[in-house]
Every structure is written in structure tokens, then in C-alpha cells.
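Here is a friendly walk through the charged pairs and a nonpolar surface patch of one protein model. Keep the structure open beside you as you read.

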Amino acid sequence: IYFLLENSFEEVTEYVQKISKLYGLKTVTLSGSFKEGLQQIKRDHPSIKAIYMGTRKGDSPYSDHLSVFHPTDKGWPEFIRINPILDLSYHHIWSFIKYYNLTYCELYDVGYTSIGEKHNTKPNPALLYKDNHGRVHFHPAYLLDDGSKERDGRNK
């Protein structure tokens with residue numbers, strides 16, 4: 001499931017399309033809120049009982065109480081949320097990606113460490129550097145030393 005929002009980065013949409021083709025995935029693209037999207041999935045695909053999530057502890061104040069298999073919250077369409085990377089750190093994720101030479105969205109190579117929408121996301125200031133001519137650049141996301149700064153490129 002891919003949620004295409006009004007302010008989505010084109011690079012993310014292109015990455016999703018590339019990965020879907022590479023791995024032969026059937027990707028359902030939805031617009032609207034996450035809750036509305038899950039309601040649509042429940043209506044259109046009632047046999048789906050569980051959904052994989054990319055949530056990690058610390059992603060939001062709501063993620064710290066989650067378990068690897070966790071039902072959706074009251075008032076949401078009923079699914080079991082499967083959170084396989086819940087207990088992995090920022091550095092665990094990047095170590096895995098680099099070790100297995102996995103492809104990833106190109107925005108991570110230009111300093112983005114947490115990608116939301118265009119209006120609330122910018123390259124992480126912790127990765128900023130200036131070249132010999134004083135021009136501003138950003139190191140790639142996997143060079144972020146302090147994983148607690150992962151979301152510093154997101155508007156608060």
C-alpha cells in the first residue's frame with residue numbers, strides 16, 4: 001500500500017514504482033488519510049487481515065507501546081499490524097541496507113533522514129557541510145552519527 005499525498009516527493013513515488021517492478025509487487029496506491037486508506041483496503045480486500053508496517057519505537061509518541069503483532073487502535077479498521085522492524089535502531093536499519101547492498105530512495109543520499117511530505121521535510125541539518133567554495137551540501141543519511149537526530153529534518 002502506498003499513500004500518494006498532494007505533497008509527496010516525486011522521488012519517493014518513483015522509488016515505490018521501481019521497487020514494485022523490481023520485486024513483482026502488486027502495489028495499491030491510495031490518496032487521503034491513512035485511516036481512510038485502511039477503510040478502503042478493508043472494503044476492497046476483506047480477506048486481508050494483517051498489514052506490514054515500517055514503524056519503529058521512537059517514531060512517534062504512539063509507537064512506544066506497540067508490539068511486533070499489534071491490533072489497530074479502537075475506531076480504526078480492524079487489522080493486525082505486523083511491525084518487523086519495531087525494535088531496530090536507525091543504525092541497525094542502515095547497517096542492514098548497506099550490508100546487503102539494497103536500493104533505497106535517492107533522497108537519503110542528499111541528507112534526508114526521515115521523509116514525510118515536501119512541506120514538512122528538509123535535509124537533516126546534522127548532515128550539513130560546506131565545500132571549499134562555501135557551498136552548502138548534505139552528507140548521505142547513513143552517515144548520521146546520532147540516531148536520535150533522525151527526525152531533525154522534519155518540521156515540528
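This is a predicted model: local features need pLDDT of at least 70, side-chain atom pairs count only at pLDDT 80 or more; totals for chains, interfaces and linings use all residues.

Arg 151 is partly exposed, with a relative accessible area of 27%.

What does the side chain of Arg 151 meet in a salt bridge? The partner is Asp 59, with 2.5 Å from N to O. Arg 151 sits in the segment after β7, while Asp 59 belongs to the loop between β3 and β4, so this contact ties together parts that are 92 residues apart in sequence. Asp 59 is partly exposed too, at 23% relative accessible area.

Now step back to Glu 150. Its side chain forms a salt bridge with that of Arg 56, at 2.6 Å from N to O. This pair also links distant parts of the chain: Arg 56 is in the loop between β3 (50–52) and β4 (69–71), and Glu 150 is in the segment after β7 (136–138), 94 residues apart.

Are these two residues buried or exposed? Arg 56 has 9% relative accessibility and therefore counts as buried. Glu 150 is buried as well, with a relative accessible area of 11%. Both values fall under the 20% cut-off.

## Another salt bridge, and the total

Arg 81 and Asp 73 give you one more side-chain pair to look at: they meet in a salt bridge of 3.3 Å, N to O.

How many salt bridges does a search of the whole structure find? The search finds six, and the pairs described above are among them.

Leu 22, Tyr 23, Leu 25, Phe 96, Tyr 99, Tyr 100 and Leu 102 make a nonpolar surface patch of about 820 Å². Which helices each supply at least two residues of this patch? They are α1 (10–23) and α3 (90–99).

Phe 96 is placed in helix α3, and its relative accessible area of 48% makes it partly exposed.

Note on methods: Residues are numbered from 1 along each chain as its sequence is written. Side-chain values use heavy atoms; hydrogens and water are left out. A salt bridge is a side-chain nitrogen of Lys or Arg within 4 Å of a carboxyl oxygen of Asp or Glu. Helices (H or I, at least four residues) and strands (E, at least two) are DSSP runs, numbered from the N terminus. Buried means under 20% relative accessible area, exposed over 50%, partly exposed in between (1.4 Å probe, protein chains only). Patches are made of residues with over 30% relative accessible area and no salt bridge: like charges are joined within 9 Å, nonpolar side chains (Val, Leu, Ile, Met, Phe, Trp, Tyr) within 5 Å. Accessible areas come from the Shrake-Rupley method with a 1.4 Å probe; for residues, only the protein chains shown count as cover.
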